[in-house]
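Please look over the sequence and the structure shown here before reading on.

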Amino acid sequence: MIKNIVVAYRLRWSVIVCVGIFLNCNDSTNECNRGYKPSLCDETAPATGTVEVRVTLSDMNASVPITIYRGKVEQNVVVFRDTLTVSSKQYLLDNAEYSVRAAYKAFVGGSLVTVYSIEGGTLSADSKEYCDGTCYSKGTLVLDAAYP
Amino acid sequence: MTANRFLTMKRLRLILWMFCCLAQIAMAQGIRTEKSSAGVVAGPSHHLGVDASFNANDVLLGAIFYYANPFGEGFSLVGAFTARPYGKKMLVQDSPGTYLYLREERYSLLIGIDRQLALTPQFGLFASLLGGVTIPVYRGSERNETDAMFPVVSVGLQWSLPSGALFADDAVAIRLGGEYLDLLENKYRIYSSILVSL
């Protein structure tokens, strides 16, 4: 009898914990403490944003050729190519998933080889929730294709 | 189904939830740990815990489930889910003269056996042998070669705390030791875990 009570007690608590994990402990209170929209508020999500590409410049790689792809590199949908002579450059692009491939010359295991540094991510608008709505701004995606 | 889709946060949460469900099923079956005042187990029991495997270059975190003493005292069957949820830059050879420098997340599902040897009621030794599959996920790339990961060997010390020592009615075991993990690099690690009897 006591054993059954203990099992039921512990089962109840584990169910509560697991439901909490599954629902990600959503805040169900009605109170709003996020403030109200500022007067300058863009209520429409912008369709474009900034993609910042970072590379490593060195004596061996004074300029780094990069290729920007829409989606993954293997999908081979090239948006544009560029050659960077600065360590960071920004581009204005439509919101989407992007990948960058930067080509370096490097010594690996004593041999001169080509190293492709690949990085990816999704560019989307930034948003901030207020009690009376949502304000949007252009998003920024940093693609860090530095090597090493 | 691609590995990228498999590894969305929703699915990770679902895996956590499935671990919890397994624990609940075990309890509902009434297979209970017989705990003495020293926290020593006798008969089949279940343990759930979290573990970390790390060295100076890398960290893997996981959830681990033990079905203890199914065949005799001191042996356990083990299931584990291990993840490197952050991106770690890795150099991977693509072809002769060409390498890819990719940001890698890694997820593994492992099963195996575990042997515990009690030295005193509170302290003992453990040794685990696990194997399974490991899936890398690279940002910006579709490469996701699922690979076998075997062996995963960990040995070390176990400190068992009786019921009431940390939690009201659950025995706890803390493990600390070394681990060998058959990955491309970072093979030798420190292993630690905390287990709670269900």
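Predicted model: local features only at pLDDT ≥ 70, side-chain atom pairs only at ≥ 80, totals over all residues.

Residues are numbered from 1 along each chain as its sequence is written, chains are lettered from A and ligands numbered from 1 in the order in which they are written, and side-chain values use heavy atoms, with hydrogens and water left out.

- A disulfide is a covalent bond between the sulfur atoms of two cysteines, and here the term is applied to a pair of cysteine sulfur atoms within 2.5 Å.
- Searching the whole structure gives 2 disulfides over all chains.
- Cys32(A) is bonded to Cys131(A), with 1.7 Å between the sulfur atoms, and this link is left-handed, with -100° about the S-S bond.
- Because Cys32(A) lies in the loop between α1 (2-23) and β1 (48-54) of chain A, and Cys131(A) in the loop between β7 (126-130) and β8 (133-137) of chain A, the pair ties together parts 99 residues apart in sequence. Helices (H or I, at least four residues) and strands (E, at least two) are DSSP runs, numbered from the N terminus.
- Cys41(A) and Cys135(A) form a disulfide with their sulfur atoms 2.0 Å apart, and this link is left-handed as well, at -115° about the S-S bond.
- Since Cys41(A) is in the loop between α1 and β1 of chain A and Cys135(A) is in strand β8 of chain A, this pair ties together parts that are 94 residues apart in sequence.
- When the bonded cysteines of chain A are numbered in sequence order, the pairing reads 1-3, 2-4.

**Cover of the cysteines**

- Cys135(A), with a relative accessible area of 10%, is buried, whereas Cys131(A), at 25%, is partly exposed; buried means under 20% relative accessible area, exposed over 50%, and partly exposed in between (1.4 Å probe, protein chains only).

**Strands of chain B**

- Strand β6 (residues 98-118) of chain B and strand β7 (residues 123-138) of chain B pair in the antiparallel sense over 15 bridges, where pairing requires that DSSP finds at least two bridges between two strands.
- A hairpin through 4 residues joins β6(B) to β7(B), and Ile113(B) has Leu129(B) in β7(B) as its bridge partner.
- β7(B) also runs antiparallel to strand β8 (residues 147-161) of chain B, joined by 11 bridges.
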